[in-house]
Amino acid sequence: MKKRIATVKRKTKETDITVKLNIDGSGKAKISTGIGILDHMLELFAFHGLFDLDIAAKGDLKIDMHHTNEDIGIVLGEAFKKALQDKKSIKRFGSASVPMEEVVANVTVDISGRSSFNLTGWDGQTVFGIILEAKEGYEFKDLVHLLDSFAKHLGMNLNIKVEPISRDLHTTLEPIFKALGIALDLAMQIDPRRKGVPSTKGVID
């Protein structure tokens, strides 16, 4: 099997980001985004997904973290898509459920080539209506921007359900990133019985 590795760079007037990825790694992570809580969450993502992940990001954090956060999602998605190559023999689907204190995050993924992102788990509130304690300025809406960009640029159907959403941001985010790592690892594992692309169309774009 070819090594499933990728290096992707993105440089704009607002950000300069490099992501190095080995899908079939051991969970080693070197993350430097300038956003402490995001560094921690991406380390958990890589550790539990058993990806080797190196992210170096510089952005206009003196203004706000929006561009850096969103662009990391873009480059991370592109890196996974590049490393997966033609997606032959992958299992394609994966799901995981991870608890942390009162919170349980359920994550389901389909590496289908079609992007979709949905996050639910609260009563009658929109995602941007959730008000949680910010960590270093990082808010729940920043998570949404990151994961939406990640799903779009990987070409992944990503569904997340969190019950209940804790008023502590850290307690809400941590099981999401752990479950996402585990679900993606399952979806990207090679099934030796599958000789081609896991789609009746014969291709996953």
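Does L50 count as buried, exposed or partly exposed, and what is its relative accessibility? In this predicted model, L50 has a relative accessibility of 41% and therefore counts as partly exposed, since that class lies between the 20% and 50% limits.

**Helices α1 and α4**

- The axes of α1, which covers residues 36–49, and α4, which covers residues 169–188, come within 7 Å of each other and cross at roughly 30°, and the crossing is right-handed.
- On the α1 side the contact includes I37, M41, L44, F45 and H48, while the residues that α4 contributes include L173, F177, L180, I182 and L184.
- By class, the contact of α1 with α4 has 11 nonpolar, 5 polar and 3 charged residues.
- Because 17 of the 20 residues of α4 are buried, this helix is largely enclosed by the rest of the structure.
- At 1.5 Å a residue, the 20 residues of α4 should span 28 Å, and the end C-alpha atoms of α4 are 29 Å apart, which agrees with that expectation.

**The sheet and the helices packed on it**

- Four strands form an open sheet in the order β5-β6-β8-β7, with mixed pairing; its edge strands, each pairing on one side only, are β5 (93–100) and β7 (116–120).
- The twist averages 10° from one strand to the next.
- Strands β5 and β6, the latter made of residues 103–110, run antiparallel and are joined by 8 bridges, and A96 stands opposite V107 in β6.
- Helix α3 (residues 140–154) packs on the sheet, where it touches β7 and β8 (157–163), and its direction makes about 150° with that of β7.

**Backbone features in the loops**

- The peptide bond that joins E163 and P164 is cis, with omega at about -20°, and P164 is found in the loop between β8 and α4.
- L50, in the loop between α1 and β4 (52–59), has a phi near 60°, a positive value in a residue other than glycine.
- K87, in the loop between α2 (66–84) and β5, likewise has a positive phi, near 65°, and is not a glycine.
- With a relative accessible area of 2%, K87 is buried, because that value falls under the 20% limit.

Key. Residues are numbered from 1 along each chain as its sequence is written. This is a predicted model: local features need pLDDT of at least 70, side-chain atom pairs count only at pLDDT 80 or more; totals for chains, interfaces and linings use all residues. Side-chain values use heavy atoms; hydrogens and water are left out. Axes are lines fitted to C-alpha atoms, for helices over the stretch in contact, and angles run from 0 to 180 degrees between N-to-C directions. Helices (H or I, at least four residues) and strands (E, at least two) are DSSP runs, numbered from the N terminus. A crossing is left-handed if the near helix is turned anticlockwise from the far one by less than a right angle, and right-handed if clockwise. Contact means heavy atoms within 4.5 Å. Ala, Val, Leu, Ile, Met, Phe, Trp, Tyr, Cys and Pro count as nonpolar, Asp, Glu, Lys and Arg as charged, and the others, Gly among them, as polar. The expected span of a helix is 1.5 Å times one less than its number of residues. Buried means under 20% relative accessible area, exposed over 50%, partly exposed in between (1.4 Å probe, protein chains only). Two strands pair if DSSP finds at least two bridges between them.
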